Amino acid sequence: MDLGLKNANVLVSGGTGGMGRAAADCFAADGARVAVMARSRAELDSTVAALKKLGAPDAVGLQADLFDGASVDAALAELGRRWGHLNAVVNAAGPLSGGLKTFETYTDEEWQNVYSGLLMGAVRTIRAALPLLRKAPWARIVNVSAMSTKRQSPPLVAYTSAKAALTSVSKNLSQSLAPEGILVNTVSPGTFVSESFKASMAPIPDLDENDLYAVMGYINKNFGHHVFLNRAAEPAEIGPVIAFAASARNTYMTGANINVDGGSDFT
Ligand SMILES: NC(=O)c1ccc[n+]([C@@H]2O[C@H](COP(=O)([O-])OP(=O)(O)OC[C@H]3O[C@@H](n4cnc5c(N)ncnc54)[C@H](OP(=O)(O)O)[C@@H]3O)[C@@H](O)[C@H]2O)c1
């Protein structure tokens, strides 16, 4: 399907790793210009080279730290000078999770840190991108939340509440930006095995972090996350859903929270 992304200008925050990279690959293969935003210069450079090879007519690596609003503003200003407008922004950076702790052991500072990364990182990015989105003939925003906001799991309390707040911001923006034709959606993935996720699993004894069924079994046992397909996902299974939501082909979906979770009882 032609997603209408040829020569579109797209920014993927977190586009150098995992699911953000999978989405960036989809945009590039569909002929979009792709900017990726992250901290590591080396990862930005190698991603830009790969995106150009995949077909992006232009690719840009923007170095910014989502905890630092000034660096995000500077990155978007650079993009504005280069492209003039933006058609789509995807907030896929993470995990920025703040670790696994119980409710009572999180300090105020740790709560604020989780919210500064997961929620405010996306807020800062959208705020800086809006003037560029408003200059485009069509514009979309996609925020990556998490299926775990619906299931709950005690050690994920800070992470899931920040992601739930991001989902709420998405819904709110879908209403306020609808009159301007800017469509805003959330994608909520279940467990998927990005390199960083695999690295976090690697120390677990007797678990093959490359075995999607074994990983899901572990997550189900320890976090109570059962899925109908009984396996975790590859990032490449989620990237195309993001690409569609962020594309010109999506003309009537806004305010949606799309589960890409292998099947669950939750709506
Ligand atoms: N993995 C899962 O099972 C799962 C499930 C549900 C939802 N999610 C969500 O999906 C998203 C992507 O997860 P992932 O596993 O694909 O992540 P990942 O592979 O670890 O990639 C993270 C990306 O975000 C960037 N990033 C991290 N911290 C940043 C910061 N402070 N400022 C700017 N960029 C930053 C990284 O680049 P640098 O490190 O160079 O900055 C990288 O590009 C996250 O929002 C995560 O919470 C993941």
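**Entry 1: H3 against H4**

I started with the crossing of H3 and H4, which is right-handed. I call a crossing right-handed if the near helix is turned clockwise from the far one by less than a right angle, and left-handed if anticlockwise. I noted that this is a predicted model, where local features need pLDDT of at least 70, side-chain atom pairs count only at pLDDT 80 or more, and totals for chains, interfaces and linings use all residues. Residues are numbered from 1 along each chain as its sequence is written. I took helices (H or I, at least four residues) and strands (E, at least two) as DSSP runs, numbered from the N terminus.

Helix H3 spans residues 69-83 and helix H4 residues 108-134. Their axes are 9 Å apart, at an angle of about 25 degrees. That makes H3 roughly parallel to H4. The cut-offs are under 35 degrees for roughly parallel, over 145 for roughly antiparallel, 65 to 115 for roughly perpendicular, and oblique for the rest. Axes are lines fitted to C-alpha atoms, for helices over the stretch in contact, and angles run from 0 to 180 degrees between N-to-C directions.

I then listed the contact (C-beta atoms, placed from the backbone, within 7 Å). H3 gives Gly69, Val72, Asp73, Leu76, Leu79 and Gly80. H4 gives Arg124, Thr125, Ala128, Ala129 and Leu132. The contact residues divide into 6 nonpolar, 3 polar and 2 charged. Here Ala, Val, Leu, Ile, Met, Phe, Trp, Tyr, Cys and Pro count as nonpolar, Asp, Glu, Lys and Arg as charged, and the others, Gly among them, as polar.

**Entry 2: H4 against H6**

Next I checked H4 with helix H6 (residues 157-177). They pack at about 30 degrees, with axes 9 Å apart. H4 and H6 are therefore roughly parallel to each other. H4 passes H6 in a right-handed crossing. On the H4 side I found residues including Trp111, Tyr115 and Leu118. They meet H6 residues, among them Tyr159, Lys163 and Leu166. This contact has 13 nonpolar, no polar and 2 charged residues.

**Entry 3: Val187**

I looked up Val187 in strand E6 (residues 182-189). Is Val187 buried or exposed? Val187 is buried, because 28 other C-beta atoms lie within 10 Å. Buried needs 20 or more, exposed 12 or fewer, and partly exposed falls in between, with C-beta atoms placed from the backbone. Beyond four places in sequence, Val187 contacts residues including Val142, Val144, Ile238 and Ile258. Ala256 is 69 residues from Val187 in sequence, yet their C-alpha atoms are 8.1 Å apart.

Conventions:
Two residues are in contact if their C-beta atoms, placed from the backbone, lie within 7 Å.
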